[in-house]
Amino acid sequence: MIRVFAAISFVACLSGVALGQSASSLPAFEIADVHASGRSTNPFPSGGVLRGGRYELRKATMVDLIRNAYGVDADKVIGGPSWLETDRFDVIALAPPTTSPETVKQMLQALLADRFKLTVHTESKSLPTYALTIGQGGKPKLKESDGSGNPGCRPQMQPPQPGAVPYAVASCRNVTMEAFARTLSGIGGAYLTSPVTDSTGLKGSWDFDLKWSPSRPMLAQAGADGISLFDAVDKQLGLKLDLQNVSTSAIIVDSVNQKPTGNPPGIATRLPPLPPPEFEVADIKPTMPGVTQQLARIQNGRVDVQAFPLKQLVTLAWDINSDDLIATPKWMDSARFDIVAKVSTDGAANAQQVDFDTLRLMLRALLVDRFKIKTHAEDRPVSAFTLVAPASKDPRDARPVLSRLVTCQNITVAQFAERLQGLAPGYIHAPVEDATGIDGAWDLTFNFSTIGQLQGGGQGRGGDPGAGAAAGGALTASDPSGALSLLDALEKQLGLKLETKKRSMPVLVIDHVEEKPTD
């Protein structure tokens, strides 16, 4: 099946062992709507939490569904057909509001077995894993927690310093080492190519802060002031990250259906769409004259946004990632606004559980209300990429590369074209169309540099645009420093080519918007 990872391999150690409970003995959702997800410019899963008796997990691949159901990392879901990481599904279900998270997992296991006929077993595999251990000296630089406050690591916004490369800062309170290891797996993607496991032996909960350069390009740009994630963990916490081959339990996919069984009768009546979520309170005002430095912070249900152009706020709220896909009055490019808003502490949009997709909807409702925005969607010709295969090249000529590898296994070219937008959103703002005419499934290996690396700054994952990215994510040719653009990487390493062509795509058109927000 498809796997995108950095030089990961595995070997079987033990024969398979069936998972504990049969599907018929597991608790089940009261009713569930399962259907294929609609197309999105933000192809990443959201939700996965029971809120007020309603469970929603959207834009989830089968690997995401299995990961949520069995509580494992995606790297530990092995086997199965190639569509497991391309096809996406929405699951909306009802359960008693007091259902525990562990029981919700079992309900999702039962749903996957019933609706997708999923069968899996566990097996021991030797996988590359970062072990979080006590550092040299044997004494961690952590403070024992008194148990107060919500457990977790939360980002801390830092005031911008002119000419300085910003750090990422996390404030961790009431956190176990096991939970911190899981957090490192999530925040360390620019440095860590494998999951993190806790091998510290430390019990209880801890309070600490962590500051590091959030990507390798920004680490290099910061020079002597840069702090790698490895050094931050070592010097600031007295802990250490060691890459080891660790025998660990993995979920092996034996069989699964690509299409779920049909929804039960009356699903629309029992599971009607929720009303649009709204902020409990919100204030919008024009940014002070001369202020252009943008700041955004989301913490404990409070949203602070400063100096964002109204057009940028609209693109965030409507989940649009290209200027070509939105038509607005010109003044919206320069009119900047500040927003202070608060999420309700109870109800469906609980402040501790709200996800980014819900925040988008809340922001959209706020902008429509305060600026009296009216929109419609219409198809217009838009420049978008088409993946083609030059006659002189063969995509099987993949060769090893020296930097971070992206590897796709057992993938069709059509599936690869579909995944390119998610792999490199800094380069690609619209779905890629496959026009290669190549059949069959392939193993592909290639690497490329981010937009930020090509243009002197920015972030490090998947081609995300950095500080130096051109407006609208304009493409950049490879430069003498050795940085390699996505287009050049595909053509030189895989013999595939991205060509810009006009094709009809939905565009959001702003029909009406007030220049001054209401109070």
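Here are some notes on a predicted model, taken one structural region at a time.

1. Some ground rules before the details. This is a predicted model, in which local features need pLDDT of at least 70 and side-chain atom pairs count only at pLDDT 80 or more, while totals for chains, interfaces and linings use all residues. Residues are numbered from 1 along each chain as its sequence is written, and side-chain values use heavy atoms, with hydrogens and water left out.

2. Let's start with the open sheet. Four strands make it up, in the order β3-β7-β5-β4, with antiparallel pairing. Strands here are DSSP E runs of at least two residues, helices are H or I runs of at least four, and both are numbered from the N terminus; two strands pair if DSSP finds at least two bridges between them. The edges are β3 (31-36) and β4 (46-51), each with a single partner strand, so one side of each has no neighbour in the sheet. On average, neighbouring strands of this sheet are turned by 10 degrees against each other, direction ignored.

3. Within that sheet, β5 (residues 54-61) and β7 (residues 88-94) pair in the antiparallel sense over six bridges. A60 stands opposite F89 in β7. Helix α1 (residues 62-70) lies across β5 and β7, running at about 140 degrees to β5. For such values, axes are lines fitted to C-alpha atoms (for helices, over the stretch in contact), and angles run from 0 to 180 degrees between N-to-C directions.

4. After α1 comes G71, whose phi is positive, near 65 degrees.

5. How do α1 and α2 pack, and at what angle? The angle between α1 and helix α2 (residues 101-115) is about 140 degrees, and their axes are 7 Å apart. That makes the two helices oblique, given that angles under 35 degrees count as roughly parallel, over 145 as roughly antiparallel, 65 to 115 as roughly perpendicular and the rest as oblique. On the α1 side, M62, L65, I66, N68, A69 and Y70 meet K105, L108, Q109 and L112 of α2; contact means heavy atoms within 4.5 Å.

6. Strand β11 (residues 168-175) is mostly covered, with seven of its eight residues buried. Four bridges link β11 in the antiparallel sense to β10 (residues 152-155), and R154 stands opposite S171 in β11. Strand β13 (residues 206-212) also runs antiparallel to β11, joined by six bridges, with A168 opposite W212 in β13.

7. H121, in strand β8 (residues 119-134), counts as buried because its relative accessibility is 15%. The H121 side chain makes polar contacts with the side chains of E123 (3.0 Å) and D254 (2.9 Å). A polar contact is a pair of N or O atoms within 3.5 Å; within protein, one must be able to donate a hydrogen and the other to accept it, and residues adjacent in sequence count only if both atoms are side-chain atoms. K311, in helix α7 (residues 310-317), is buried too, at a relative accessible area of 14%. Leaving aside neighbours within four places in sequence, K311 is in contact with D323, I326, T328, M332 and D333.

Definitions and conventions:
Buried means under 20% relative accessible area, exposed over 50%, partly exposed in between (1.4 Å probe, protein chains only).
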